[in-house]
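Please keep the sequence and the model at hand while reading.

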Amino acid sequence: MADRHKEGRFEFDFRKNMTPQQIADMFDDFAEDYEQEYLNVGLRSHVVVGDFMAKTIPKEQRPKVKILDVAAGTGLLGTELKNHGFTQIDALDPAEKMLNVARRRNIYQRLICAFMNKNRNDTIETDYYDNIVASAAFNEGLLQCDAFQEMIRIVKPGGRINFAVPTKFINNSDNLRDRLLPLIYQLAQEGVWEVTPVALADGEISDINGPGTLFSLKVLVSEKTF
Ligand SMILES: C[S@@+](CC[C@H](N)C(=O)[O-])C[C@H]1O[C@@H](n2cnc3c(N)ncnc32)[C@H](O)[C@@H]1O
């Protein structure tokens with residue numbers, strides 16, 4: 001059982017032939033070592049997204065903001081948010097043992113063990129969250145574009161989806177390369193959301209993955225199927 005699909009932890013091409021469940025199993029077996037290994041290679045996506053939330057949401061409003069941390073893993077981003085004064089934070093991740101580490105931090109109100117994909121999750125109400133956040137989540141084998149449909153449904157109109165992604169991860173992923181940016185700007189043209197892209201310089205998001213972008217998508221509709 002231990003160390004299933006271990007090659008996929010850092011060799012993202014290896015993930016191309018893995019199923020979503022195999023990806024979740026890989027993170028389950030990685031759960032206790034994940035933070036040390038990821039932080040050792042200088043990953044700061046959770047800090048970048050947490051700082052953006054703090055920069056854009058005034059201090060006095062933070063305790064009232066309902067947030068879902070998608071692909072929450074062990075809770076690195078939740079910890080940043082809590083340190084910035086956010087208190088209503090839920091976590092979603094398909095890897096139960098990653099969520100068990102997150103649970104020990106006592107920062108999340110609800111922990112939802114599930115994939116975020118095109119399937120409707122009936123345990124989450126439509127228009128429920130003010131914000132969805134995701135760090136180190138859009139990459140080969142992890143979150144894909146089909147996740148946006150469900151994210152749009154569960155975030156309130158006027159709410160935001162905020163995530164950071166290295167350009168390299170988009171270009172290396174067969175599923176994101178020709179789809180992520182066209183879809184983001186197509187949905188903007190259709191009035192589904194307003195896009196604020198924030199450029200991240202080499203070194204800002206991680207020591208090793210080059211420059212990237214933080215996308216802040218202000219969702220304007222209740223639901224959108226595509
Ligand atoms: C690299 S970790 C990032 C964890 C955390 N956000 C951070 O910044 O450290 C990626 C996480 O995505 C989760 N994941 C993979 N596929 C997913 C999906 N379809 N929906 C939601 N989470 C997913 C994995 O289980 C794993 O915990």
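Helix H4 is followed by Gly85, a residue with a positive phi near 100 degrees. The model under discussion is a predicted one. Within H4 itself, which spans residues 76-83, the buried residues are Leu76, Leu77, Gly78, Glu80 and Leu81. These buried residues pack against several elements, namely H2, helix H3 (45-56), strand E1 (67-70), E2 and strand E4 (129-134).

Two further residues with positive phi deserve attention, and neither is a glycine. Most residues other than glycine have a negative phi. Asn106, although not a glycine, has a positive phi of about 60 degrees. Its place is the loop between helix H5 (96-104) and strand E3 (111-113). Asn106 counts as exposed, because its relative accessibility is 65% and exposed residues are those over 50%. Ala136 likewise is a residue other than glycine with a positive phi, here near 50 degrees. Ala136 belongs to the loop between E4 and H6. With a relative accessibility of 32%, Ala136 counts as partly exposed.

The space that the ligand takes is the largest pocket. Helix H2 (34-40) and strand E2 (89-93) are the elements that give two or more residues to the shell around the ligand. There are 18 residues around the ligand, and those that come nearest are Tyr34, Ala71, Asp93, Met116 and Ser135.

Met116 instead places a backbone N or O atom 2.9 Å from a nitrogen atom of the ligand. In Ser135, a polar side-chain atom lies 2.6 Å from an oxygen atom of the ligand. Taken alone, the ligand exposes 600 Å², and 97% of that is buried by the protein.

Attention now turns to Asp28, which is located in helix H1 (residues 20-30). Is this residue buried or exposed? Asp28 has a relative accessible area of 15%, and it is therefore buried, as this value is under 20%. Its side chain reaches the backbone nitrogen of Glu96 at 3.2 Å. Beyond its neighbours within four places in sequence, Asp28 is in contact with Arg4, Ala95, Glu96, Lys97 and Met98.

Arg105 lies in the loop between H5 and E3. Arg105 is partly exposed, with a relative accessible area of 28%. What does the side chain of Arg105 reach? The backbone oxygen of Thr74 lies at 2.6 Å from the Arg105 side chain. When residues up to four places away in sequence are not counted, Arg105 touches Glu35, Thr74, Gly75, Leu76 and Thr79. Arg105 and Gly203 are 98 residues apart in sequence, and their C-alpha atoms are 28 Å apart in space.

Strand E4 contains Asn131. Asn131 has a relative accessible area of 6% and is therefore buried, the limit being 20%. Not counting residues up to four places away in sequence, Asn131 touches Met53, Ile57, Val65, Lys66, Ile67, Leu68, Val155, Arg160 and Asn162. One of these, Met53, is 78 residues from Asn131 along the chain, and the two C-alpha atoms are separated by 9.2 Å.

Gln144 is buried, because its relative accessible area is 16% and the limit for buried residues is 20%. Which residues does Gln144 touch, not counting those up to four places away in sequence? They are Phe138, Asn139, Ser173, Asn175 and Leu176. Gln144 and Leu68 are 76 residues apart in sequence and 17 Å apart in space, C-alpha to C-alpha.

Key. Residues are numbered from 1 along each chain as its sequence is written. This is a predicted model: local features need pLDDT of at least 70, side-chain atom pairs count only at pLDDT 80 or more; totals for chains, interfaces and linings use all residues. Side-chain values use heavy atoms; hydrogens and water are left out. Helices (H or I, at least four residues) and strands (E, at least two) are DSSP runs, numbered from the N terminus. Buried means under 20% relative accessible area, exposed over 50%, partly exposed in between (1.4 Å probe, protein chains only). A polar contact is a pair of N or O atoms within 3.5 Å; within protein, one must be able to donate a hydrogen and the other to accept it, and residues adjacent in sequence count only if both atoms are side-chain atoms. Contact means heavy atoms within 4.5 Å. A residue is near a molecule or strand if one of its heavy atoms lies within 4 Å of it. Accessible areas come from the Shrake-Rupley method with a 1.4 Å probe; for residues, only the protein chains shown count as cover. On a 1 Å grid over the protein atoms alone, a cavity is a set of points where a 1.4 Å probe fits but cannot get out, and a pocket is an open set with protein on both sides within 12 Å along at least five of seven lines; lining residues have an atom within 4 Å of a point. A molecule sits in a cavity or pocket if more than half of its atoms lie within 2 Å of its grid points.
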